[in-house]
Amino acid sequence: MAFVITEPCQVEKAGECATVCPVDCIEEGADQFYIDPDVCIDCGACKAVCPVDAIEEEYDLTPEQEAFLEKAEAFFAR
Ligand code: SF4
């Protein structure tokens with residue numbers, strides 16, 4: 001399981017998440033920040049600091065939000 005950054009980040013791109021992640025698995029992309037789902041330890045620290053509530057647990061994603069997990073996987077597969 002992993003946390004996933006969703007649509008509100010595309011407007012805000014605040015970045016607090018990347019500074020608190022204990023395993024340094026959040027990187028800034030061109031349009032939003034991304035969490036590496038293979039490295040995330042599911043601690044929830046990023047979700048707690050996101051000012052726009054953009055971060056969801058993988059198993060809480062709505063069907064519309066599933067695309068953000070796929071985007072993250074593609075981002076880190078570069
Ligand atoms: Fe990093 Fe924890 Fe957020 Fe995963 S849940 S991205 S390990 S801060």
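**Close-up 1. Phe 68 sits in helix H4.** This is a predicted model, in which local features need pLDDT of at least 70, side-chain atom pairs count only at pLDDT 80 or more, and totals for chains, interfaces and linings use all residues. Residues are numbered from 1 along each chain as its sequence is written, and side-chain values use heavy atoms, with hydrogens and water left out. Helices (H or I, at least four residues) and strands (E, at least two) are DSSP runs, numbered from the N terminus. Phe 68 counts as buried because its relative accessibility is 11%. Buried means under 20% relative accessible area, exposed over 50%, and partly exposed in between (1.4 Å probe, protein chains only). Leaving aside residues up to four places away in sequence, Phe 68 touches Val 4, Ile 5, Thr 6, Glu 7, Gln 10 and Gln 32. Contact means heavy atoms within 4.5 Å. Ile 5 is 63 residues from Phe 68 along the chain, yet their C-alpha atoms are separated by 6.8 Å.

**Close-up 2. Helix H4 and its cover.** H4 spans residues 66-76, and Phe 68, Leu 69, Ala 72 and Phe 75 are buried in it. These residues lie on the same side of H4, because they cover an arc of only 120° around the axis. The arc is that of the directions from the helix axis to the C-beta atoms. Strand E1 (3-5), helix H1 (9-12), strand E2 (26-28) and strand E3 (33-35) are among the elements that cover them.

**Close-up 3. Asp 24, a loop residue with positive phi.** Asp 24 is in the loop between helix H2 (16-20) and E2. Its phi is about 55°, although Asp 24 is not a glycine. Asp 24 counts as exposed, at 60% relative accessibility.

**Close-up 4. Asp 42, in the loop between E3 and helix H3 (45-49).** Phi of Asp 42 is also positive, near 65°, in a residue other than glycine. Asp 42 is partly exposed, with a relative accessible area of 29%.
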